[in-house]
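Me: I would like to go through a structure by question and answer. Please show the sequence and the model first.

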Amino acid sequence: MDWQAFALSLRLALVTTAILLAIAVPLSALIVLGRGRWLAAVEALATLPMVLPPTVLGFFLLVLLGPRTAFGRGVAAVLGHPLAFSFSGLVVGSVIYSLPFAVQPLVAGFGSVDTALVDAARLLGAGPVRLVSSILIPLARRSLLAAIVLSFLHTIGEFGVVLMLGGDIPGATRTLSIVLYDQVESFDYATAGHTALLLLGLSALALVAVYATSQKRGSVRSA
Amino acid sequence: MLSFSLDSRRGSFHFHVECTFASDWTVIFGPSGAGKSTLLRLLAGLDHPISGSIALDGRALTETASGIRVPPGHRQTSLVSQQPALFPHLTAAANVAYGLRNLDRPARARRVDEMLDLVGATELAARCPEDLSGGQAQRVALARALAPAPRLLLLDEPFSALDGVTSDALLVRLQHWLRENRVQAVVATHDATDAIATSAEVLLLGDGRVTALGPAAEVLASERDRLLGRLQTPPR
């Protein structure tokens with residue numbers, strides 16, 4: 001078992017999820033509470049990575065962040081190293097790739113909050129930050145939890161973007177998915193099985209955690 | 001004094017109302033769809049007119065010509081709707097305290113107690129909205145709206161879930177409190193008895209236009225006769 005890759009995957013998923021939350025919560029609130037047709041374009045843009053093949057997204061990011069573009073050269077000059085083929089680059093790619101998986105549940109959750117409650121809070125002086133923190137998030141906490149878990153799991157299982165943008169550098173960009181690919185390619189099916197089981201276990205554990213905290217045990221489900 | 005001139009449009013419904021309310025207690029009367037709730041939402045700043053202005057005691061709250069649009073929480077205006085819209089994850093007391101962030105904790109607690117007492121809901125302080133009846137929730141919503149000491153109180157069928165006796169008693173207490181605290185009230189209703197009972201100034205709305213404005217006894221004379229006629233008709 002490649003525990004270094006396991007640790008790297010966990011670190012990537014945690015960092016990505018934290019950054020995604022910081023972006024997705026205000027963005028989703030803006031999409032739900034804002035006015036103007038331009039918001040439809042914002043939502044479409046935030047959803048775009050969902051329909052893009054991961055390898056295509058990875059390729060675009062590789063070119064954008066590489067030395068071929070002024071942007072890539074500028075970033076490299078600021079950071080002292082190119083973003084492509086680095087952990088930071090993987091984080092950028094993962095955040096973009098998993099953005100829809102954080103935004104979509106939050107938009108659905110925030111959108112389901114009764115507008116009368118939003119109006120009441122605004123009338124009582126709540127600004128956007130308080131409105132989100134004291135009304136939208138508590139009332140859409142299941143959606144928030146879903147966004148966290150989906151972002152985390154989506155990043156853990158990511159392959160196409162990681163391979164394109166990060167390559168296969170041990171300790172820097174080699175995640176569990178890449179390790180699994182390498183193991184299969186070298187016909188080491190026994191170890192690949194363990195890696196796959198580990199990924200499966202992580203996913204199952206996260207989902208159980210979501211259902212355990214988001215459902216009232218013993219409640220009768222209506223049809 | 002509240003004065004406004006408002007032009008608004010929603011689909012095929014065109015709303016145009018120009019008025020000045022000098023009375024402490026003004027009732028907006030009209031059938032469903034006349035534009036009562038539209039007017040209250042515009043006054044509260046929740047919706048914006050295509051053109052027009054709103055001024056409360058000489059202070060411009062909305063003025064489309066000069067781009068003034070004071071946000072809802074900064075207009076010293078509260079709105080209580082037929083649907084109480086209490087925050088379901090907060091207790092009744094926390095709901096009332098929501099608009100009191102500028103007060104320190106002891107002052108906030110005192111204000112919450114005072115407001116709950118005013119609406120006769122002291123014993124409901126620790127309850128969550130899901131444990132309140134419709135009438136209880138409306139009383140807590142009223143306490144929440146009054147807590148930040150608004151200058152203008154907008155009520156949209158606020159006592160519809162209360163029985164007649166409770167509603168009358170609360171109305172007397174509320175009007176007394178509003179007079180003491182110099183708060184102007186605008187009440188939307190389609191129940192003529194509310195307007196007649198409070199001897200209010202009445203704005204009669206019909207299809208988004210002002211039909212009449214004046215004392216309840218005059219504006220609602222025909223409505224009063226209709227109600228009396230119904231009471232005097234022997235049951236079959």
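Me: What radius of gyration does chain B have, and what would a compact globule have?
Reply: The radius of gyration is taken over C-alpha atoms, and the globule rule is 2.2 Å times the number of residues to the power 0.38. With 236 residues, the rule gives a value near 18 Å for a compact globule. Chain B agrees with this, at 18 Å.

Me: What kind of model is this, and how are residues and chains labelled?
Reply: This is a predicted model, in which local features need pLDDT of at least 70 and side-chain atom pairs count only at pLDDT 80 or more, while totals for chains, interfaces and linings use all residues. Residues are numbered from 1 along each chain as its sequence is written, and chains are lettered from A and ligands numbered from 1 in the order in which they are written.

Me: How many helices and strands does chain B have?
Reply: Helices (H or I, at least four residues) and strands (E, at least two) are DSSP runs, numbered from the N terminus. On that basis chain B comes to 8 helices and 11 strands.

Me: How far apart are the centres of the two domains of chain B?
Reply: The bounds come from an automatic or database domain assignment. Domain 1 of chain B covers 1–71 + 154–174 + 185–236, and domain 2 covers 77–149. Their C-alpha centres lie apart by 24 Å.

Me: Which elements give two or more residues to the side of domain 1 of chain B that touches domain 2?
Reply: Two residues are in contact if their C-beta atoms, placed from the backbone, lie within 7 Å. The contact takes 16 residues from domain 1 of chain B and 14 residues from domain 2 of chain B. On the domain 1 side, the elements giving two or more residues are helix H1 (36–44), strand E8 (152–156) and helix H5 (164–180) of chain B.

Me: Which residue in E8(B) stands opposite B:Thr77?
Reply: Two strands pair if DSSP finds at least two bridges between them. E7(B) and E8(B) pair in the parallel sense over 4 bridges. Opposite B:Thr77 stands B:Leu152.

Me: Which residues of strand E7 of chain B are buried on each side?
Reply: In a regular strand the side chains alternate between the two faces of the sheet. Strand E7 (residues 77–80) of chain B is covered on both faces. One side has B:Thr77 and B:Leu79, and the other has B:Ser78 and B:Val80.

Me: Where is A:Phe187, and is it buried or exposed?
Reply: Most residues other than glycine have a negative phi. A:Phe187 has a positive phi, near 60 degrees. A:Phe187 is in the loop between helix H10 (176–185) and helix H11 (189–214) of chain A. With 8 other C-beta atoms within 10 Å, A:Phe187 is exposed.

Notes: Buried ≥ 20, exposed ≤ 12 C-beta atoms within 10 Å, placed from the backbone.
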